[in-house]
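This report describes the strand pairing and the helix packing of the structure shown below.

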Amino acid sequence: MAEGVAENTAGLMSKSPASDTGRMPFASRPASIHFDVFTLFPEMFGGPLQASMLKRAQETGHLSVALHDIREYATDKHHVTDEPPYGGGGGMVMKAEPVFGAVEAVLSGSGPGQDDEGMEPPVILLTPQGRLFTQEIARGLAGRRRIALVCGRYEGVDERVRQHLATDELSIGDYVLTGGELAALVVIDAVTRLLPGVLGDPTAVVEDSHVDGLLEGPHYTRPRSFRGWEVPEILLSGDHEAVACWRREEALRRTFERRPGLLGQARLTPRDREFLLRLLEDARRGRRP
Ligand code: ADE
């Protein structure tokens, strides 16, 4: 069966743990997520899924990934998955039939099933035309139990996949990749690390860049002095409140300097706003506070 072939190709796919299909109440079950990935290149996933956090998340049952080779669902003798576009023009377009065939066969078959709320899994097409993937979208997806990711290839995907199969389209940035595979891995990584228990240090997620709409400030570790470049004194002070205040201000400063557009959406306290106003005044006067 195609699913099995794809799983064996990558040689790393774990089936969902038993609790995934069981009826345990949400609170007593470990947070876990299952991704069905539809791709013409399942071998692209091997390395990233077999290293570091994603590997561990599969071992601990937080994550399962099934790779489905779209080519296996092409019904013609040569397993054709692309054709020239109607109306002419360059390039090839990914055909609708094998993509529909793959997604429908897998999602209607046995598997981790629906979400707790009985929701159908989202079917997300990775494409440069999708909405921009953000931390907020990652947070939303981390609440789902099962997600289907469809990796586009060639110059595009038959429009009927967008219109009648995909429930969402995501882009990981304003550049064009050779296909959606790397984008799918980005989504899997960003979502999986948000599941409770996946990261060793749970505060890491809370302090992430983008979590409350700000970039993270600078980090330092030993040695205290490296080539004459010193760690800021305040970080050595042991004054936790002062350190927290400094970190917040540095996060605000970094966001102001590098991504000011994020500030409009950030969660800001009155004190944050005061600090930003000072930064703004200083920038107008051309100096750094
Ligand atoms: N496929 C090609 N480029 C992409 C992008 N930037 N994001 C998501 N999928 C893509």
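## Strand pairing

Strand β1 (residues 33-39) pairs with strand β6 (residues 146-151) in the parallel sense over 5 bridges, where pairing requires that DSSP finds at least two bridges between two strands, and where strands (E, at least two residues) and helices (H or I, at least four) are DSSP runs numbered from the N terminus. Within this pair, His34 has Arg146 of β6 as its bridge partner.

The model is predicted, so that local features need pLDDT of at least 70 and side-chain atom pairs count only at pLDDT 80 or more, while totals for chains, interfaces and linings use all residues. Residues are numbered from 1 along each chain as its sequence is written, and side-chain values use heavy atoms, with hydrogens and water left out.

## The sheet

The pairing is parallel in an open sheet of 5 strands, whose order is β2-β1-β6-β5-β8. At its edges lie β2 (63-69) and β8 (168-171), each of which pairs on one side only. From one strand to the next the twist averages 35°.

## Helix packing

Helix α8 (residues 181-192) lies across β1, β2, β5 (123-132), β6 and β8, and runs at about 175° to β1; axes are lines fitted to C-alpha atoms, for helices over the stretch in contact, with angles from 0 to 180 degrees between N-to-C directions.

Helix α6 (residues 135-142) packs against α8 at an angle of about 70°, the axes being 8 Å apart, which means that α6 is roughly perpendicular to α8 (65 to 115 degrees). Ala138, Leu141 and Ala142 of α6 make the contact with Val187, Ala190 and Val191 of α8, contact meaning heavy atoms within 4.5 Å.

Key
Angles under 35 degrees count as roughly parallel, over 145 as roughly antiparallel, 65 to 115 as roughly perpendicular and the rest as oblique.
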